[in-house]
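The structure comes first, followed by the details.

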Amino acid sequence: MKFTATQIAGILEGEVEGNPQTAVHKLSKIEEGEKGSLTFLANPKYTPYIYSTKASITIVNKDFVPEQAISTTLIKVEDAYKSFSKLLEYYNQVKNNKIGIESPSYISESAMYGEGFYFGAFSYLGDNVKIGDNVKVYPNVYIGDNVTIGNDVLIYAGAKIYSESIIGNDCVIHSGAIIGADGFGFTPNEKGEYSKVPQTGNVILEDNVDVGAGTTIDRATLGSTILRKGVKLDNQIQIAHNVEIGEHTAIAAQTGVAGSTKIGKHCLIGGQVGIVGHIIIGDRVKIQAQSGIGRNVKDDEVLQGSPALNYGDYNKSYVHFKNLPKIVNQIADLEKRSDSDTDEQ
């Protein structure tokens, strides 16, 4: 796909300074720009590169005035970073605008889908599935019976959506994600043998939820596992049965949340965090990477460590921890002096 400077300026409501017919077909960093590529300058530290970049078009802030000759065509906008992000979003929309049903694939006669539907090869659509408009399902995707999917949803190759799951509008599910597998429910008998507890609930993703590659979200034992509007999950996360995650909470990679835990709104949870089951985490909580959470957490707490402490207390304690060998030696010296003084007396 090729775009001219005039077309890009129209999308971004910007002004062209240079050749309006300059065309680009790819994106690049400003320091690695080459002919036919589009880049941007937002951070002043990168300003020297604009005089040497070979990128054909560069997006800059309106107040940028070159101090030497440049070869790149400029598009001047109010905010170069935001405009470049907007352009990336537009580029993805164009790139993902596939339509049609590829073969071989299977679509149940009772399944329904809306306009602008794309269904990749080797994908499966079960009984009574309902899919909205402009949904894109890439190859090797499994969608089980009685699943409901809203409008403008992207499901990338190899994702699996088990039966009864409900997916809202504008969701993105990346490759290898599994939505609605059985929760980890087993009961032991007197011999220590385990019997499976049937997992009869489902998973609900509300609007604008992103699920990263390789992430797994288990169906509820009863009721629903729920991710509220705007939740963002990174890659390789485990969300157990009956968990509920509040609006606009973001969780980084390799975090595990055990069953029936409730997480509030606007929380930020770092990578490799472990959260036990049956607890409540408040709103706007921040949890640093590799922390272990084993208790209820109040609104606005900032935690680190395992078991997690208040972030400020953890940092103060860590200062002493780093000095622990020195402190131990000082205590040993004091004990020796005390023993010596006792002997002299």
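Which residues make a nonpolar surface patch of about 360 Å²? Y106, Y124, Y142 and Y162 make this patch. Patches are built from residues with over 30% relative accessible area and no salt bridge, with like charges joined within 9 Å and nonpolar side chains (Val, Leu, Ile, Met, Phe, Trp, Tyr) within 5 Å. Accessible areas follow the Shrake-Rupley method with a 1.4 Å probe, and for residues only the protein chains shown count as cover. Y142 belongs to strand β15 (residues 142-143) and is partly exposed, with a relative accessible area of 33%. Buried stands for under 20% relative accessible area, exposed for over 50%, and partly exposed for values in between (1.4 Å probe, protein chains only).

## Basis of the model

The model is predicted: local features need pLDDT of at least 70 and side-chain atom pairs count only at pLDDT 80 or more, while totals for chains, interfaces and linings use all residues. Residues are numbered from 1 along each chain as its sequence is written, and side-chain values use heavy atoms, with hydrogens and water left out.

Helices (H or I, at least four residues) and strands (E, at least two) are DSSP runs numbered from the N terminus.

## The largest pocket

The largest pocket holds about 510 Å³ of space. It is lined by 14 residues, and N92, Q93, N96, D152 and L154 are the closest to its centre. Helix α2 (residues 80-95) contributes the most to this lining, with three residues. By type, the lining of the largest pocket has four nonpolar, six polar and four charged residues. Here Ala, Val, Leu, Ile, Met, Phe, Trp, Tyr, Cys and Pro count as nonpolar, Asp, Glu, Lys and Arg as charged, and the others, Gly among them, as polar.

Pockets and cavities are found on a 1 Å grid over the protein atoms alone: a cavity is a set of points where a 1.4 Å probe fits but cannot get out, a pocket is an open set with protein on both sides within 12 Å along at least five of seven lines, and lining residues have an atom within 4 Å of a point. Grid points are joined across faces, edges and corners, and a volume is the space filled by probe spheres set on the points.

## The cavity

The structure has one cavity of 30 Å³ or more. The space in the largest cavity is about 130 Å³. Its lining has 13 residues, with F3, L27, L38, L87 and Y91 the closest to the centre. At least two lining residues come from each of α1 (5-12), β4 (26-27) and α2, and α2 has the largest share, four residues. The lining of the largest cavity is made up of 11 nonpolar residues, one polar and one charged.

## Salt bridges

There are 10 salt bridges in the structure; each is a side-chain nitrogen of Lys or Arg within 4 Å of a carboxyl oxygen of Asp or Glu. One of them joins the side chains of E17 and K76 (3.3 Å, N to O). E17 in strand β2 (residues 15-17) and K76 in strand β7 (residues 73-77) are 59 residues apart, and the pair links distant parts of the chain. E17 is partly exposed at 36% relative accessible area, whereas K76 is buried at 11%.

K232 and D210 also meet through their side chains (3.1 Å, N to O). Because K232 lies in strand β28 (residues 232-233) and D210 in strand β25 (residues 210-211), this pair ties together parts that are 22 residues apart in sequence.
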